[in-house]
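Subject: Structure handover

Hi,

Here is the structure we talked about. Please open it alongside this email; my notes follow below.

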Amino acid sequence: MTVIEIEGMSKSYKGRHVLTDVSLQVEQGEIFGIAGPNGAGKTTTVECMSGLRERDGGVLRVLGLDPQRDRRELLPRIGVQLQEAALPDALKVGEALKMYASFYDKPADWRKLMDEWGLADRQRSSFASLSGGWKQRLFIALALVGNPEVVFLDELTTGLDPSARRMTWGLVREVRDRGVTVVLVTHFMDEAQALCDRMAIIDQGRVITHGTPGELITQGRTESLEDAYFALTGGQAA
Ligand SMILES: Nc1ncnc2c1ncn2[C@@H]1O[C@H](COP(=O)(O)OP(=O)(O)OP(=O)(O)O)[C@@H](O)[C@H]1O
């Protein structure tokens, strides 16, 4: 079943085109990756999908709803973790989960969620005292507190050490394994290869290719996804 359908989506900021004719489909229960160079339009795409920005043109349906027109109906059914998300320093883990749960009519049991995501021991820890890996664990739990059918995760592992990244990958798989559809923006091709069932590469506001990581490697005629990424975007490895 198709959960997200985008056809010919466009968006400009102050007359400058940042998305041009973006078309994508995300299927139920998959981890769908969005990769591409800085400024390519990845976050804008996710923001349009999650109803945080208005597109200028094209068709966009998430769970059959238009994020602009049907925003109120859609918001309780999705979860969003934004790039560089932050909470007030003094807010405690338990307080954050309880507060987010209060935003929804039918939230998950936030105490149960806290247990499931291993956060119970840190219930009284302030946000500022958490390491990067634990902050991300909290953000994933917060994105799930409304029992969403789709979650959007934007650069979830940027700045994390290798073990925190691996831990976070495990959590993202767990979310998918619960039947939730995951849209994941990432700059890391090892991450895309490890996690994504399918992915798209966006460059200069256009989808230049999409498919499984294996299909992209075949398209790029390379041996790794990172090499395929460089071949397909015409970029240079540093
Ligand atoms: N609110 C805004 N007003 C004006 N321009 C914006 C705004 N938000 C983003 N842009 C511009 O739109 C383009 C696409 O930005 P976007 O954040 O979607 O890219 P991205 O692919 O997510 O980049 P990155 O990998 O650096 O996070 C960039 O050139 C950016 O500077």
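In what order do the three strands of the open antiparallel sheet stand? The order is S2-S1-S4. Strand S2 (16-27) and strand S4 (57-62) are at the edges, each with a single partner strand, so one side of each has no neighbour in the sheet. On average, neighbouring strands here are turned by 20° against each other, direction ignored. Keep in mind that this is a predicted model.

Look at one pairing in that sheet. Strand S1 (residues 2-13) runs antiparallel to S4, and five bridges link the pair. Ile 4 has Val 62 in S4 as its bridge partner.

Now the other sheet. This open sheet has six strands, in the order S5-S6-S7-S3-S8-S9. Its pairing is mixed. Strand S5 (78-81) and strand S9 (206-211) are the edge strands, and each pairs on one side only. Strand S6 (residues 150-154) and strand S7 (residues 181-185) pair in the parallel sense, over five bridges. Opposite Val 150 you will find Thr 181 in S7.

Two helices lie across strands of that sheet:
- Helix H6 (residues 162-177) lies across strand S3 (31-35), S6 and S7, and runs at about 150° to S7.
- Helix H8 (residues 213-220) lies across strand S8 (198-203) and S9, and runs at about 110° to S9.

Next, a helix pair. How do helix H3 (residues 93-101) and helix H5 (residues 132-144) cross? Their axes come within 9 Å and cross at roughly 20°. Angles under 35 degrees count as roughly parallel, and H3 and H5 are therefore roughly parallel to each other. The crossing is right-handed. On the H3 side, the contact uses Val 93, Ala 96, Leu 97 and Tyr 100. These meet Leu 138, Ala 141 and Leu 142 in H5. By class, the contact of H3 with H5 has seven nonpolar residues, no polar and no charged.

Last, the ligand. Which residues are around the ligand? They are Tyr 13, Val 18, Gly 36, Asn 38, Gly 39, Ala 40, Gly 41, Lys 42, Thr 43 and Thr 44. Helix H1 (residues 42-49) gives the most to this shell, with three residues. The shell has three nonpolar residues, six polar and one charged.

Best wishes

Key
Residues are numbered from 1 along each chain as its sequence is written. This is a predicted model: local features need pLDDT of at least 70, side-chain atom pairs count only at pLDDT 80 or more; totals for chains, interfaces and linings use all residues. A residue is near a molecule or strand if its C-beta atom, placed from the backbone, lies within 6 Å of it. Helices (H or I, at least four residues) and strands (E, at least two) are DSSP runs, numbered from the N terminus. Ala, Val, Leu, Ile, Met, Phe, Trp, Tyr, Cys and Pro count as nonpolar, Asp, Glu, Lys and Arg as charged, and the others, Gly among them, as polar. Two strands pair if DSSP finds at least two bridges between them. Axes are lines fitted to C-alpha atoms, for helices over the stretch in contact, and angles run from 0 to 180 degrees between N-to-C directions. Two residues are in contact if their C-beta atoms, placed from the backbone, lie within 7 Å. Angles under 35 degrees count as roughly parallel, over 145 as roughly antiparallel, 65 to 115 as roughly perpendicular and the rest as oblique. A crossing is left-handed if the near helix is turned anticlockwise from the far one by less than a right angle, and right-handed if clockwise.
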